[in-house]
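Dear colleague,

Please read them alongside the coordinates.

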Amino acid sequence: MRVLVVEDEHKIANSIKKGLEQEAYAVDAAYDGESGFDLALNEDYDVIILDLMLPKLDGIEVCKQLRANQVHTPILMLTAKGQLNDKVEGLNAGADDYLVKPFAFAELLARVKALTRRPRNSIGSVLTVEDLSLDTLTFEVKRANKPIELSKKEFALLEYLLRNQGRTLTKDQIINHVWDYDADVLPNTVEVYIGYLRNKIDRPFKDKPPLIHTVRGFGYKIGRRK
Ligand code: CA
């Protein structure tokens with residue numbers, strides 16, 4: 001899951017970024033409305049966290065212009081105390097939810113998680129395919145009831161595959177949703193990480209059908225082979 005944070009107070013922006021990265025999100029930060037708008041328009045995000053009071057272009061304008069440009073990414077608007085009217089205006093402008101500053105990080109995280117659409121094959125916070133399960137809250141991954149240890153990036157990649165199971169995902173789609181803008185992504189980065197995942201979720205379970213499939217010339221998908 002990839003998140004854009006648009007907030008002119010660097011301290012707040014960077015602490016949100018750090019906190020979300022701890023939770024295995026890929027996060028880009030922008031510090032004014034214009035650059036936030038540009039990123040939101042040109043990159044693929046799963047959630048946008050948008051401060052209301054911003055230099056160059058305020059949060060309401062960013063929101064309106066994104067919706068006018070057919071960007072329907074869920075937006076969580078941040079407002080300072082006492083901007084209640086602006087908050088209502090923000091929601092009318094197309095934001096999906098709002099949070100009043102100051103807030104506890106746990107509250108922000110809960111809102112972000114609520115805004116990332118729950119896919120079909122999920123029970124609460126758990127995503128599954130066949131005998132593999134991934135819990136987006138506790139970070140537990142299991143196959144055939146055996147716990148599997150994943151790095152943050154491996155976890156993020158598996159989560160993205162599971163949220164789109166049965167669909168073939170191109171390397172570009174994977175990069176856009178799992179890595180942030182500043183990450184050093186080499187042409188074979190996705191292959192390398194797919195390899196790491198296979199070593200953990202498919203290779204040790206030799207008597208079971210593999211779950212990760214290469215679709216030659218297109219990309220990768222997770223699911224039962226038809
Ligand atoms: Ca601000």
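**Salt bridges and their surroundings**

Arg224 is exposed, with a relative accessible area of 57%, where exposed means over 50%, buried under 20% and partly exposed in between, computed with a 1.4 Å probe on protein chains only. The model is a predicted one, in which local features need pLDDT of at least 70 and side-chain atom pairs count only at pLDDT 80 or more, while totals for chains, interfaces and linings use all residues. Residues are numbered from 1 along each chain as its sequence is written, and side-chain values use heavy atoms, with hydrogens and water left out.

With a salt bridge taken as a side-chain nitrogen of Lys or Arg within 4 Å of a carboxyl oxygen of Asp or Glu, the count comes to 17. Arg224 pairs in this way with Glu130, the closest N and O atoms being 3.2 Å apart. The two residues are 94 residues apart, Arg224 in the segment after strand E13 (219–222) and Glu130 in the loop between strands E7 (126–129) and E8 (132–135); helices (H or I, at least four residues) and strands (E, at least two) are DSSP runs, numbered from the N terminus. Glu130 is partly exposed, at 43%.

A second salt bridge joins Glu154 and Lys200 at 2.7 Å, N to O. Glu154 lies in helix H6 (residues 152–163) and Lys200 in helix H8 (residues 189–201), so the pair ties together parts that are 46 residues apart in sequence. Glu154 is buried at 6% relative accessibility, whereas Lys200 is partly exposed at 28%.

Best regards
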